[in-house]
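Okay, thanks for coming, everyone.

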Amino acid sequence: MSALLLLALPAQVHAQDAPAAPEPVPNVVEYDLRIASESVAPAGKSVPALTINGGIPGPTLFFTEGDTARITVHNTLSDQETSIHWHGLLVPNEMDGVPYLTTPPIAPGTSRLFEFPVRQSGTYWYHSHTGLQEQRGVYGSIVIQPRAPDVDVDREHVVVLSDWTNEHPQEVMRTLMRGSEWYGQRKGTAQSLLGAWRRDALGAYFSRERNRMPPMDISDVAYDAFLANGETQHRLHAEPGERVLLRVINAGASSYFHLTSAAGPLTIVGSDGVRVRPVDVNRLLIGMAETYDVVI
């Protein structure tokens with residue numbers, strides 16, 4: 001037993017005396033986001049909106065896995081508080097950005113620093129969690145590259161999908177809460193007794209009326225425009241024969257989108273920031289707040 005102890009002790013002493021390998025210093029990536037009130041016209045009519053750094057959507061925030069994010073959010077609004085939530089990111093609770101739940105709101109004329117380690121990779125997004133500010137323009141994209149490339153492509157683009165209404169979002173909410181069929185009338189989807197009779201659906205019509213349920217529709221709001229990167233038509237550069245990674249984010253308030261490609265099937269390689277086994281689809285349905293990485 002004593003011999004074993006004598007042999008073990010020098011090894012323990014040697015391990016304690018050996019200098020520890022220095023830990024790598026994380027790269028700090030800094031951004032400033034300024035939330036302001038401006039007039040914009042994505043649907044052809046100039047209306048009040050909220051912008052981030054002068055645009056809708058806000059700028060894309062680029063990181064590499066292992067970075068430290070240091071983001072200062074400036075609330076330049078004079079009459080309302082704001083917030084930014086980092087949707088899908090693994091952050092300390094106090095950095096999450098949901099006001100009155102994890103993080104205090106950002107008061108008018110003040111700023112807040114968000115600093116956290118970037119512990120993952122993939123496609124994510126950020127948006128306001130205050131009132132209906134997201135619908136008014138407070139959202140943007142986040143791209144986190146992995147430490148080592150994990151998909152073989154020639155180039156990549158971010159595509160932020162969203163819906164836009166020229167109405168103030170509070171007016172939209174008021175119309176929805178009073179059960180008005182105004183949006184159905186605008187879209188031509190309002191249901192009537194005559195229409196139900198023509199479609200041999202009187203039973204379903206009266207059942208819905210008896211249960212005081214509103215008419216079913218794929219979307220409750222009649223939007224004035226649907227946007228890709230803030231535009232009703234948006235061009236992305238690519239050369240013939242290239243493999244292109246599209247990082248698609250649905251930042252819409254209440255709209256689903258179908259994605260198709262004239263170049264062939266969409267190859268899904270990522271969902272909500274996580275790499276998945278590639279699968280080909282001819283049409284992809286993306287819901288609110290979802291993100292997909294697809295190769296074309």
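I'll go through the aromatic pairs, then a surface patch, then the salt bridges.

Quick housekeeping first: this is a predicted model, so local features need pLDDT of at least 70 and side-chain atom pairs count only at pLDDT 80 or more, while totals for chains, interfaces and linings use all residues. Residues are numbered from 1 along each chain as its sequence is written, and side-chain values use heavy atoms, with hydrogens and water left out.

A pair of aromatic rings is described by the distance of the centres and the angle of the planes. The rule here is that rings of Phe, Tyr and Trp (its six-membered ring) pair if their centres lie within 6.5 Å; planes under 30 degrees apart are stacked, over 60 edge-to-face, and the rest tilted. By that rule we get seven aromatic pairs. Take Trp86 and Phe116: the ring centres are 6.0 Å apart with the planes at 50°, so this pair is tilted. Trp86 sits in strand β5 (residues 85–87) and Phe116 in strand β6 (residues 111–117), so the pair ties together parts that are 30 residues apart in sequence. Strands, by the way, are DSSP runs of E with at least two residues, numbered from the N terminus.

Are those two buried or exposed? Both Trp86 and Phe116 are buried, where buried means under 20% relative accessible area, exposed means over 50%, and partly exposed is in between (1.4 Å probe, protein chains only).

Then there's Tyr223 with Phe226: centres 5.9 Å apart, planes at 65°, so that one is edge-to-face. Tyr223 counts as buried at 12% relative accessibility, whereas Phe226 is partly exposed at 44%. Back with Trp86, ring pairs link it with Phe114, Phe116 and Tyr126 into a cluster.

Tyr256, Leu285 and Met288 make a nonpolar patch of about 290 Å². Patch residues have over 30% relative accessible area and no salt bridge, with nonpolar side chains (Val, Leu, Ile, Met, Phe, Trp, Tyr) joined within 5 Å and like charges within 9 Å. The areas come from Shrake-Rupley with a 1.4 Å probe, and for residues only the protein chains shown count as cover. Met288 is in the loop between β15 (284–286) and β16 (291–295), partly exposed at 32%.

Now, how many salt bridges does a search of the whole structure find? It finds 10, a salt bridge being a side-chain nitrogen of Lys or Arg within 4 Å of a carboxyl oxygen of Asp or Glu. One of them joins Glu65 and Arg147, at 3.3 Å from N to O. Glu65 is in the loop between β3 (61–64) and β4 (68–75), and Arg147 in the loop between β8 (139–145) and β9 (155–164), so parts 82 residues apart in sequence are tied together. Arg147 is exposed, at 64%.

Next, Arg275 pairs with Asp150, with the closest N and O atoms 3.1 Å apart. Arg275 lies in strand β14 (residues 274–281) and Asp150 in the loop between β8 and β9, so this pair ties together parts 125 residues apart. Arg275 is partly exposed at 29%, and Asp150 is partly exposed at 38%.

And Arg247 bridges to Glu156, with the closest N and O atoms 2.8 Å apart. That links strand β11 (residues 244–250), which holds Arg247, to Glu156 in strand β9, 91 residues apart. Arg247 is buried, with a relative accessible area of 1%, while Glu156 is partly exposed at 29%.

Last point: salt bridges that share partners join Asp150, Glu156, Arg247, Arg275 and Asp293 into one network.

How values were computed: Helix = DSSP H or I, 4+ residues; strand = E, 2+ residues; numbered from the N terminus.
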